[in-house]
Amino acid sequence: MADLDILIFPDDRLRRVATAVTDIDDKTRTLVSDMLDTMYAAPGIGLAATQVDVHERIVVIDVSEKGNEPLTLINPEIVVAEGRAQHEEGCLSIPGIYEQIERDEHIKFAAIDVDGNPYEMEAEGLLAVCIQHEIDHLDGKLFVDYLSTLKQRRIKKKMLKHEKE
Ligand code: NI
């Protein structure tokens, strides 16, 4: 079991755009397993490779109550999106901050699993929110980007203050 370090906002490395995975090998599988360990230990319900300073399009998610339904999304893409809904979001890279964010309500996404098999899945509610949040990470985007400039500035200040303490 390996616990990886999670980058904390406003770290510039969270802004890097991840590249597509071309080979799913032992290195990928080890990374996915370490990412799941790190997510469960945090504890969190989603983690993007970007957050552990690996700039490849890999996401792990588990929104189940017992934390026993891990999902791995390699090169995920949203193929259908319908409706809009607001949910409260947080992020392991922005600890202690929770805000209402509007996103697509129902989505269908395509991805590759850890064994290299492509799959498609529909999602709504918390899972849909989580997938959009994590795909944003792969594009160097954070949920605070959707907030007003004033709010963003306040959050940044708070995070930098925590860092010094
Ligand atoms: Ni996040």
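The following legends describe close-up views of one predicted model.

Because the model is predicted, local features need pLDDT of at least 70 and side-chain atom pairs count only at pLDDT 80 or more, while totals for chains, interfaces and linings use all residues. Residues are numbered from 1 along each chain as its sequence is written, and side-chain values use heavy atoms, with hydrogens and water left out.

**Figure 1. The nickel site.** The nickel ion is coordinated by C91 through SG and by H133 and H137 through NE2, at 2.1 to 2.3 Å. Donors are N, O and S atoms within 2.8 Å of the metal (3.2 Å for Na, K and Ca); water is not among the atoms, so sites may look incomplete. Along the sequence, the donor residues follow the spacing C-x41-H-x3-H. C91 belongs to the loop between β3 (71-89) and β4 (99-112), whereas H137 belongs to helix α2 (residues 125-138), so the pair ties together parts that are 46 residues apart in sequence. Helices (H or I, at least four residues) and strands (E, at least two) are DSSP runs, numbered from the N terminus. Both C91 and H137 are buried; buried means under 20% relative accessible area, exposed over 50%, and partly exposed in between (1.4 Å probe, protein chains only).

**Figure 2. E89 and its contact with H133.** E89 lies in strand β3 and is buried, at 3% relative accessibility. Its side chain is joined to that of H133 by a polar contact of 2.9 Å. A polar contact is a pair of N or O atoms within 3.5 Å; within protein, one must be able to donate a hydrogen and the other to accept it, and residues adjacent in sequence count only if both atoms are side-chain atoms.

**Figure 3. Cysteines without a disulfide.** The structure holds zero disulfides, a disulfide being a pair of cysteine sulfur atoms within 2.5 Å. The closest cysteine sulfur to that of C130 is in C91, 9.9 Å away, which is too far for a bond. C130 is buried at 5% relative accessibility, and C91 is buried at 10%.

**Figure 4. The aromatic pair.** One aromatic pair is found in the whole structure. F109 and Y119 form this edge-to-face pair, with 5.9 Å from centre to centre and 80° between the planes. The pair links distant parts of the chain, F109 in strand β4 and Y119 in strand β5 (residues 118-124), 10 residues apart. Rings of Phe, Tyr and Trp (its six-membered ring) pair if their centres lie within 6.5 Å; planes under 30 degrees apart count as stacked, over 60 as edge-to-face and the rest as tilted. F109 is buried at 0% relative accessibility, and Y119 is buried at 18%.

**Figure 5. The largest nonpolar core.** Of the 17 residues in this core, I61, L73, F109, A123 and I131 touch the most other members. At least two residues each come from β2 (58-61), β3, β4, β5 and α2, and the largest share, six residues, comes from α2. Apart from this core lies another of 13 residues, among them L7, I97, L142 and L147. A nonpolar core is a set of buried Ala, Val, Leu, Ile, Met, Phe, Trp, Tyr and Cys residues joined through side-chain atoms within 4.5 Å.

**Figure 6. Backbone features.** The peptide bond from F9 to P10 is cis, with omega near 5°, and P10 lies in the segment before α1 (26-41). D53 is not a glycine, yet it has a positive phi of about 65°.
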